[in-house]
Amino acid sequence: MCTECGCGLPGEKPATLSGPGHDHPHSHGHHPHSHDHDHPHDHDHDHEDEPGPARDADSSGRTLEVHRAILEKNDRLAERNRGFFHARGLLVLNVLSSPGSGKTTFIRETIRKLGDRLRSGVIVGDLATDNDARRLREASDSVVQINTGTVCHLEADMVGRAVGQLNLDGLGLLVVENVGNLVCPASYDLGEDLRIVLLSVTEGEDKPIKYPPMFQSAGTFVVTKMDLATACEFNRDAALGNLKRLAPAAPVFEVSAKTGQGMDAWCEYLIQQQKELKSRNPLGA
């Protein structure tokens, strides 16, 4: 998808990390893998010269298509992240949505409501600014901001390096707030346990069927800003029908971070998910 949007073209700014008291990326010893360069990600494909599958010709003159997984490196690093997280007993969420859906407020209020029952850290992805990270630090002292420059999604490598800035001691939940975008982030596994896709009542009921790859990839749906549903003339039945059509097995939570509607059920779900994770990985910290 990035071949169309142009992210990652030559001249892009490297991804940068920021956390409390940190002006440059470095490791605290929690890093699942290390790198000796500052490039934000290495695609296994050329954005300009490789519009389709590679082709070659054998001695008979026939054309053979040589397929390769352009996301192979990312997937490999994602599995490394996942193993690292599981070894520490961390439940990891990849939270995705369009811009303005209420991700940051929803995450902040989730952390506040969970409190000491499930201590949480956050990795935030945005093209620029640390505005969201500063808001989230109102609820958690374990927050790192990734600025991706021109790249419209987070990748496993970025998350792996950001984890090196977090103090993971005592944490049971790590939330990755992905870049606001309903296209490219759908293709990138970050090593998460659950992919959470948000739909705001202000976006319209047909958003899922306009962006099917993102919503089909969801493990859980959260419908946000329910306090505005009446004012927006939100067609709840149509929206839920579209979500279920794209990912029938994904549970749906209807919440308002502002009023607290639905937040108790959402938080209990996370606590249960973390318990199940630890039961499957008894050696986790």
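This is a predicted model: local features need pLDDT of at least 70, side-chain atom pairs count only at pLDDT 80 or more; totals for chains, interfaces and linings use all residues.
Student: Is E8 mostly covered or mostly open?

Tutor: Strand E8, residues 194–200, is mostly covered, with seven of its seven residues buried. Leu194, Ile196, Leu198 and Ser200 point one way from the strand, whereas Arg195, Val197 and Leu199 point the other way, and all of them are buried.

Student: Zooming out, what order do the strands take in the sheet?

Tutor: Eight strands form an open sheet with mixed pairing, in the order E1-E6-E5-E7-E4-E8-E9-E10. Strand E1 (16–18) and strand E10 (252–254) stand at the edges with a single partner strand each, so one side of each has no neighbour in the sheet. From one strand to the next, the twist averages 20°.

Student: Which helices pack on the sheet, say H5 or H8?

Tutor: Helix H5, residues 156–163, packs on the sheet and touches E1, E5, E6 and E7, with its direction making about 140° with that of E6. Helix H8, residues 236–246, also packs on the sheet, where it touches E8, E9 and E10, and its direction makes about 155° with that of E10.

Student: New topic: which residues have the most contacts inside the largest nonpolar core?

Tutor: Those are Leu93 and Trp266, in a core of 28 residues. The elements giving two or more residues to this core include E4, E8 and helix H9 (263–280), and H9 provides the largest share, seven residues.

Student: What does Leu93 touch, then, leaving aside its neighbours within four places in sequence?

Tutor: Leaving those neighbours aside, Leu93 is in contact with several residues, among them Leu194, Ile196, Trp266 and Leu270.

Student: And how many residues are in the second core?

Tutor: The second, separate core has 22 residues, including Leu17, Leu90, Ile123 and Val179.

How values were computed
Residues are numbered from 1 along each chain as its sequence is written. Side-chain values use heavy atoms; hydrogens and water are left out. Buried means under 20% relative accessible area, exposed over 50%, partly exposed in between (1.4 Å probe, protein chains only). Helices (H or I, at least four residues) and strands (E, at least two) are DSSP runs, numbered from the N terminus. Two strands pair if DSSP finds at least two bridges between them. Axes are lines fitted to C-alpha atoms, for helices over the stretch in contact, and angles run from 0 to 180 degrees between N-to-C directions. Contact means heavy atoms within 4.5 Å. A nonpolar core is a set of buried Ala, Val, Leu, Ile, Met, Phe, Trp, Tyr and Cys residues joined through side-chain atoms within 4.5 Å.
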